[in-house]
Amino acid sequence: MKKWLFSNGTVDPMVSAGLLALRIGIGTMMIGFHGWQKYQNFAQLKDSWTVPKFVLLSSWMNSTTSLICTIFAEVVCCALLVIGMATRPAAAVLAFTMTMAAFVVLADKAPAGKELALLYLTAAVTLFFTGAGAYSFDARFSIVKKRTFS
């Protein structure tokens, strides 16, 4: 399990280049357009941030904790996606956050209002299943044991 979570996935150069573009694009857009603004406006947002009405979260989650978790996913996890380090765990956290955004926080919105969250969710799920590719820290540090036949 640990080997799969932290593996880079493919070593194909073209697929890895596509995954690099996806990681950089999604990560920088999420940090630049969403996460960093939340981080800078933390004091104003912390008391009014939406707490998802989700059974597993409702017992300990308040607006400040919800905002901290959202900032963690949108800044820290996306920075990890950009550099390709711990890509699958970071993508899983981002996917969970975007699932909460699209289906819980924005549940009463029209489909067009959920579009951006669903696009980020799709990218995060893709990176979760594919891994970071060859152009990543995951690839640099992954240890792949070759089979030898004697």
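Analyst: Below we go through the fold, a salt bridge, a pocket, a loop and a surface patch.

User: Great. What kind of model is it, to start with?
Analyst: It is a predicted model, so please read everything below with that in mind.

User: Okay. How many helices and strands does the chain have?
Analyst: There are seven helices and zero strands. Going along the sequence, the pattern reads α-α-α-α-α-α-α.

User: And how much of the chain is buried?
Analyst: Of the 150 residues in the chain, 35% are buried.

User: How many salt bridges do you count?
Analyst: The count comes to one salt bridge. The side chains of Lys38 and Glu74 form it, at 2.9 Å from N to O.

User: Where do those two sit in the chain?
Analyst: Lys38 belongs to helix 2 (residues 13-40) and Glu74 to helix 4. They are 36 residues apart, and the pair links distant parts of the chain.

User: Are Lys38 and Glu74 buried or exposed?
Analyst: Both Lys38 and Glu74 are buried. As a general point, side chains of opposite charge can pair when their charged atoms come close.

User: Switching topic: how much space lies in the largest pocket?
Analyst: About 430 Å³. Its lining takes in 22 residues, and Pro52, Ser66, Thr70, Thr97 and Met100 lie nearest the centre. Helix 4 and helix 5 are the elements that give two or more residues to that lining.

User: Which helix gives the most to the lining?
Analyst: Helix 5 does, with seven residues.

User: And how does the lining divide into nonpolar, polar and charged?
Analyst: You get 16 nonpolar residues, four polar and two charged.

User: Why does Ala86 count as buried?
Analyst: Because its relative accessibility is 16%, and buried means under 20%.

User: Does the loop hold Met85 too, or where does Met85 lie?
Analyst: Met85 lies in that loop, between helix 4 (63-83) and helix 5 (87-105). Met85 is partly exposed, because its relative accessible area of 32% falls between the 20% and 50% cut-offs.

User: Last one: which residues make the nonpolar surface patch?
Analyst: Met85 again, along with Ile83, Phe137 and Phe141. Together they make a patch of about 370 Å².

User: Thanks, that helps!

Key. Residues numbered from 1 in each chain as written. Predicted model: local features only at pLDDT ≥ 70, side-chain atom pairs only at ≥ 80, totals over all residues. Heavy atoms only, no water. Patch = residues over 30% accessible without salt bridge, like charges linked within 9 Å, V, L, I, M, F, W, Y side chains within 5 Å. Areas by Shrake-Rupley, 256 points an atom, 1.4 Å probe, with all protein chains shown as cover. Salt bridge = Lys/Arg side-chain N within 4 Å of Asp/Glu carboxyl O. Helix = DSSP H or I, 4+ residues; strand = E, 2+ residues; numbered from the N terminus. Buried < 20%, exposed > 50% of the residue type's maximum accessible area, 1.4 Å probe, protein only. 1 Å grid on protein atoms, 1.4 Å probe; cavity = no way out; pocket = protein on both sides within 12 Å on 5 of 7 lines; lining within 4 Å. Points joined across faces, edges and corners; volume = space filled by probe spheres on them. Nonpolar A, V, L, I, M, F, W, Y, C, P; charged D, E, K, R; others polar.
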